[in-house]
Amino acid sequence: MMLVVLLRGEPLDSSINPSQMYWHSMCTSFSSYLLSFSVPLLVSSSMACFLVFLLFFLVAVEAYHAALPADVYWKSVLPNTPMPSAIHDVTRPDEKWDQQDDVFAHYGHAAVTPSQIPDPSVTVFFLEKDLHPGAKMTLHFIRTVAGATLLPRQAADSIPFSSAKLPEILSRLSITPYSMEAKAMKKTLQDCEEPAIEGETKYCATSVEAMVDFSTSSLGTRDVQALSTAVDREGTPTQVYSISKVQKQPSSKAVVCHGEKYPYAVFYCHTTSAEAFKVSMVAKDGTKVEGVATCHTDTAGYNPEHVAFKLLHVKPGTVPICHFLPQSDIVWIPNK
């Protein structure tokens with residue numbers, strides 16, 4: 001598909017992802033460069049595009065088994081920190097965005113209502129005292145985002161990322177205005193541009209490299225863990241899980257990064273005061289989960305209308321509010 005677009009010079013359609021858009025723009029720039037010579041060259045615009053494609057194809061074949069830029073950067077900065085499944089799994093071409101919002105992402109601003117939680121029987125929020133071996137919870141583990149292209153930082157930084165530039169972004173990424181995708185993008189941009197709640201710092205990372213930099217600088221160390229929930233099978237239903245093991249992590253200082261709905265990978269990251277827990281559990285159908293739960297310890301600045309406080313019948317700032325991370329989210333904590 002990409003070869004046809006490059007050779008024929010046709011506009012990109014909605015099936016072309018941002019990484020292809022990036023190479024297409026490079027092709028156009030290189031074509032203009034070749035055609036700008038004062039001495040006539042026997043190179044047409046289409047031929048120039050073909051040469052660019054051929055060049056990148058040969059480079060791609062040579063580097064086929066090489067690590068991706070995000071992998072290389074991760075290993076250079078965090079050699080002792082395993083990459084969490086939320087990043088490994090972010091590029092899943094056979095999946096689409098989940099219709100369910102991440103109700104954990106915006107405590108400070110969002111007055112989430114109970115109607116936004118699809119199944120009231122599911123344990124979405126709970127208290128720390130409820131988290132212990134032998135406890136049973138009805139849970140549904142989901143990916144709030146999937147199928148996003150993981151762009152290298154250089155490519156991501158070349159694309160505007162602001163509400164003011166939304167028409168240009170939609171045009172560059174060949175996304176139809178007012179479509180479901182466009183509306184989701186608009187909401188993500190607005191969420192990223194809202195001010196952080198008091199006592200927190202926030203940042204929307206458009207690449208893994210940017211997320212690593214923000215998280216480690218916010219925590220003041222590269223000696224960190226990056227944790228995400230891992231489920232041993234896909235498409236698991238809502239069901240009862242039995243908790244077998246709970247491991248409290250050593251720090252109450254954390255950065256949480258939520259996967260956002262966008263054509264390429266975007267993570268809404270913010271600092272927070274929270275206790276992190278590794279939780280092993282098994283479902284009724286045998287599904288095994290290595291879950292990550294966070295208990296937010298300083299909720300005084302959170303929106304009192306958030307559904308968490310309504311469901312648990314507590315007020316902001318009184319007790320820690322706990323939840324399991326969706327599979328698309330990551331919590332960063334220092335090892336000491």
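1. Arg172 makes a salt bridge to Glu168, with 4.0 Å between the closest N and O atoms. Here a salt bridge is a side-chain nitrogen of Lys or Arg within 4 Å of a carboxyl oxygen of Asp or Glu. Both residues sit in helix H7 (residues 166-172), 4 residues apart, about one turn of the helix. Helices (H or I, at least four residues) and strands (E, at least two) are DSSP runs, numbered from the N terminus.

2. Before going further, the ground rules. Please keep in mind that this is a predicted model, where local features need pLDDT of at least 70 and side-chain atom pairs count only at pLDDT 80 or more, while totals for chains, interfaces and linings use all residues. Residues are numbered from 1 along each chain as its sequence is written, and side-chain values use heavy atoms, with hydrogens and water left out.

3. Back to Glu168, which also has a salt bridge with Lys165, at 3.8 Å from N to O. How exposed are these side chains? Glu168 is partly exposed because its relative accessibility is 35%, and Lys165 falls in that class with 40%. Arg172 is partly exposed too, at a relative accessible area of 26%. The classes are buried for under 20% relative accessible area, exposed for over 50%, and partly exposed in between (1.4 Å probe, protein chains only).

4. Another pair to check is Asp232 and Arg233, whose side chains meet in a salt bridge at 3.7 Å, N to O. Asp232 counts as partly exposed with 47% relative accessibility, as does Arg233 with 37%.

5. Now the overall picture. The protein has 10 helices and 10 strands, and 47% of its 336 residues count as buried. Its accessible surface is about 16800 Å², with 58% of that belonging to carbon and sulfur atoms; these areas come from the Shrake-Rupley method with a 1.4 Å probe, and for residues only the protein chains shown count as cover. Among contacts with a separation of 6 or more, 74% are between residues 24 or more positions apart. Contact means heavy atoms within 4.5 Å.

6. Leu131 is worth a click. It is placed in the loop between helix H5 (85-88) and strand S1 (136-139). Is Leu131 buried or exposed? Leu131 is buried, because its relative accessible area is 8%. Leaving aside residues up to four places away in sequence, Leu131 touches Phe126, Met137, Ile243, Val246, Phe277, Val279, Ala293 and Phe324.

7. How many disulfides does a search of the whole structure find? The search gives 3, with a disulfide taken as a pair of cysteine sulfur atoms within 2.5 Å. One of them joins Cys192 to Cys204, with an S to S distance of 1.9 Å. The link of Cys192 and Cys204 is left-handed, at -90 degrees about the S-S bond. This pair connects distant parts of the chain, Cys192 being in helix H8 (residues 180-193) and Cys204 in strand S2 (residues 202-205), 12 residues apart. Cys192 and Cys204 are both buried.

8. Cys257 and Cys269 form another disulfide, and their sulfur atoms are 2.1 Å apart. Which hand does this disulfide have? The disulfide of Cys257 and Cys269 is right-handed, because the torsion about its S-S bond is about 115 degrees. The pair links distant parts of the chain: Cys257 belongs to strand S6 (residues 253-259) and Cys269 to strand S7 (residues 267-283), 12 residues apart. Cys257 is buried, at 0% relative accessibility, and Cys269 is buried at 0% as well.

9. That leaves Cys295 and Cys322, a disulfide with sulfur atoms 2.0 Å apart. Its torsion about the S-S bond is about 110 degrees, so the disulfide is right-handed. Cys295 lies in strand S8 (residues 288-296) and Cys322 in strand S9 (residues 321-324), so distant parts of the chain, 27 residues apart, are linked by the pair. Both Cys295 and Cys322 are buried.
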